[in-house]
Amino acid sequence: AGGGAALVVAGPSNGGAGAWGASAGQGGQQPVAGTSSLGGGGSANPPGPSTHDELILYDDDGKLWYVNNKEPSRNWSVSSGTGRDLQLVGGGKVMLGKSNGWDEYQLSDGKALSGQHGFSGTQSAHRLADGTTMLASVANNSIVLKMVGADGQVARSVTYAGYAYVRLVRPTAKGTFLVTADTQVFEGDAQGKVLTTWTIPGKGQHVWKALRLESGNTVIATGYNATLMVYGPDQMLLRTIGGKVPELNALDPHFFADFHVRPNGNYFVVNS
């Protein structure tokens, strides 16, 4: 499956919330300018569509898009080639994970800036708080996380044996990793030990991403289940978010891929 990705660069916000490690340029996945990186996550505004000021998106046709709803004259798109993972990494740059590493682009106009390549089979690329870039791939029936420095060299790696599939990988505040593995998500430590496993029911194939909230809850985008599933610290399912919304006739959930936690606790989801 493809999946697609999107980031809210800036938009309406009214509170502090979100997931651990959220600040752009600090190894986080919550790329919302000027908002808190920590919070509860889960409270929601009354239903209804909203328009965000700025978005950066990647599609499966190999294009990277910047959309400015306040100033459409600033919109741009570039042919980036195939990719999967998106992250704002500070300095006015956005990073796109590639099948062999990553590329970085200037947010203002889409100009290609830099990147690192030569890492065949890359499925996920994520900049960590220490400045290294974590690349996830599968080799020899194992998920391998490679920590790559700015010099393009692998500083260390983590191997989780017995897995043949991976999509996005995200760090937690305690130094572990949330790893998606087709119909499962697991939390693993830096020594390659699997600590906790969630098995996704129903059509939960190609599970895309999992995030740990400050509350201790874990939120999972379930791929073909087309839902977000929220689990408590005890691994009990607390809530499932998804399905058709009658007042929004155009909303037809198909595949929940990338997602982010908005400052007000709402979830921004890529429905591929």
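The side chains of Glu71 and Arg74 meet in a salt bridge, with N and O 3.5 Å apart. The term salt bridge is used here for a side-chain nitrogen of Lys or Arg within 4 Å of a carboxyl oxygen of Asp or Glu. Glu71 is partly exposed, with a relative accessible area of 40%, and Arg74 also counts as partly exposed, at 38%. On this scale, buried means under 20% relative accessible area, exposed means over 50%, and partly exposed lies in between (1.4 Å probe, protein chains only). Side chains of opposite charge can pair when their charged atoms come close.

Before going on, a word about what you are looking at. This is a predicted model, with residues numbered from 1 along each chain as its sequence is written. Side-chain values use heavy atoms, leaving out hydrogens and water, while local features need pLDDT of at least 70, side-chain atom pairs count only at pLDDT 80 or more, and totals for chains, interfaces and linings use all residues. The score called pLDDT is the predictor's confidence in each residue, from 0 to 100. The chain averages 83, and 81% of the residues score at least 70. Take care with residues 12-47, where pLDDT stays under 50. For that stretch the model has 118 contacts beyond four places in sequence, a contact being heavy atoms within 4.5 Å. Where pLDDT is low, the predicted coordinates should not be read in detail.

Now for the chain as a whole. It has zero helices and 22 strands; both kinds of element are DSSP runs numbered from the N terminus (helices H or I, at least four residues; strands E, at least two). Of the 272 residues, 50% count as buried. Among contacts with a separation of 6 or more, 45% come from residues 24 or more positions apart.

Let us return to the salt bridges, of which a search of the whole structure finds seven. One of them joins Asp85 to Arg170, the closest N and O atoms being 2.8 Å apart. Asp85 lies in the loop between strand S4 (76-79) and strand S5 (86-90), whereas Arg170 belongs to strand S13, so this pair ties together parts that are 85 residues apart in sequence. Both Asp85 and Arg170 are buried. Another salt bridge brings together Glu104 and Arg127, at 2.7 Å from N to O. Glu104 sits in strand S7 (residues 101-106) and Arg127 in strand S9 (residues 124-127), so the two connect parts 23 residues apart in sequence. Glu104 is buried at 5% relative accessibility, and Arg127 is buried at 12%. With Lys93, Glu104 and Arg127 are linked in a network of salt bridges.

Four strands form an open sheet in the order S13-S14-S15-S16, with antiparallel pairing. Its edge strands are S13 (169-171) and S16 (194-199), each of which pairs on one side only. From one strand to the next, the twist averages 20 degrees, taken between N-to-C directions of axes that are lines fitted to C-alpha atoms, on a scale from 0 to 180 degrees. Two strands pair if DSSP finds at least two bridges between them. S13 and S14 (residues 177-181) are joined by three bridges, and Arg170 stands opposite Leu178 in S14.

Leu57 stands opposite Trp65 in S3. Three residues lie between the strands of this hairpin, in which Gly62 takes a positive phi near 85 degrees.

Our last stop is the largest nonpolar core, which has 19 residues. Such a core is a set of buried Ala, Val, Leu, Ile, Met, Phe, Trp, Tyr and Cys residues joined through side-chain atoms within 4.5 Å. Trp208, Val219, Ala221, Leu228, Phe259 and Tyr267 have the most contacts inside it. Strands S18 (218-221), S19 (227-231), S21 (256-261) and S22 (267-271) each give two or more residues to this core, and S21 gives the most, with four. Leaving aside neighbours within four places in sequence, the contacts of Leu228 include Val219, Phe259, Tyr267 and Val269.

S19 also pairs with strand S20 (residues 237-242) in the antiparallel sense, over five bridges. Val230 has Arg239 in S20 as its bridge partner. S19 and S20 form a hairpin with five residues between them, and Gln235 in the turn has a positive phi of about 70 degrees.
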